[in-house]
Amino acid sequence: MGCDRNCGLITGAVIGAVVALFGGILMPVGDMLIEKTVKKEPVLEEGTIAFKNWVKAGANIYRQFWIFDVQNPEEVAVNSSKIKVKQRGPYTYRVRYLAKDIITRDSKTHTISFLQPKGAIFEPWLSVGTENDTFTVLNLAVAATPHLYPSTFVQIILNVFIKNSNSFMFQKRTVKELLWGYKDPFLSSVPYSIPTTVGVFYPYNNTADGVYKVFSGKDDISKVARIDTYKGKKSFYAVFGAEINLKGIPVYRFVLPPRVFASPLQNPDNHCFCTEKIISKDCTLYGALDISKCKEGKPVYISRPHFLHASPEIAEPIEGLSPNEEEHSTYLDVEPITGFTLQFAQRLQINILVKPAKNIVALKGLKHNYLVPILWLNETATIGDEKAEKFRNQVTGKINLLGLVEMILMSVGAVMFIAFTISYCACRLKNAK
């Protein structure tokens, strides 16, 4: 009897040890299974779920616009007063609903190059008004003239056409005109063959804005769909900000670091965004990047909305701005196991540099330079509730279940081993007595 009992206790202890060991073995084995099953689907290659969804995004991607309506246009043009603006919006469009085009792969660098056809559909139910709402905004053609034609002689000639077309520093335009283009009266009156249509995003519909190159994730799943270059140049980058919960899914939030909009003195990588020394105060101002080289010389600058984190001197001539970290920062939320981006918000402001021009009547009243905010946009998308539930069930749910099974096996095995071992020792001691 004693032998049978002792053998049973030893057997129980061994079984407990085996169960605990099996739970421990499941950890690396489970990671290997996840690597082979879960992580293969996010890779951008033919046959994966990620590639199918990447070619044509399943989630709705919206672009919201807030327009800066100028309240005192005559005071600015005549007395060079501070520009008083009032933000109006959002005016919302559904964008990036067209499938990617001309997709090519590079197996050596594990990248994919493509064109993104552009389109925009107005969504009234997500907007504060219609596309025909009118604003007082900067006259884009007039403001660009001194930059595009620095010659005194040419400016004197163009000034005649500006006056004859009744064009001024500011103008009234609808949302649709400002965003997607309108026939400019000043440019239309010039008796030369020049483009006459002007708009912040003109041309847009049925066009592509350049070649993107992204990582496929084949060699490093953490880089999947991350933009390597745009038009052959390096793109913006993000850094880890925090770990948050998105619809029951743990995600890592990445944000744009201050270095992205830093001055060349702070970030030498931004030296190409400083093309002049006077207005930028010898390239020391920060918070706004000059992208005129990408806009055929037009004085376009991009910044965070409301000049968030910009040099105080940049926003000083503008009244009505209220920079806010929560509303105006850019971020993307990435599920760390698969590398999927489940939510993002890209927020940028479009500004035009205006400088005094004594040969152009519409601008000769100015006494200093202005970086005039035109609008800011928020391009955003979030995983839907149905897809979030599917993701939880197929990815995070299975991973959590595997982790729970591992813990249960290790706990139960350890308890069995300890309990049977103690019982065996107690029986041996009792028999010895």
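User: Why does R173 count as buried?

Analyst: First, the ground rules. This is a predicted model, where local features need pLDDT of at least 70, side-chain atom pairs count only at pLDDT 80 or more, and totals for chains, interfaces and linings use all residues. Residues are numbered from 1 along each chain as its sequence is written, and side-chain values use heavy atoms, with hydrogens and water left out. Now R173: its relative accessibility is 13%. Buried means under 20% relative accessible area, exposed over 50%, partly exposed in between (1.4 Å probe, protein chains only). So R173 is buried.

User: Why is K183 called exposed?

Analyst: K183 has 57% relative accessibility, so it counts as exposed.

User: What makes the link between R173 and Q171 a polar contact?

Analyst: Their side chains are joined at 3.0 Å. A polar contact is a pair of N or O atoms within 3.5 Å; within protein, one must be able to donate a hydrogen and the other to accept it, and residues adjacent in sequence count only if both atoms are side-chain atoms. K183 has a polar contact too: its side chain meets that of T196 at 3.1 Å.

User: Which residues does K183 touch, not counting residues up to four places away in sequence?

Analyst: K183 touches R173, S188, T196 and T197. Contact means heavy atoms within 4.5 Å.
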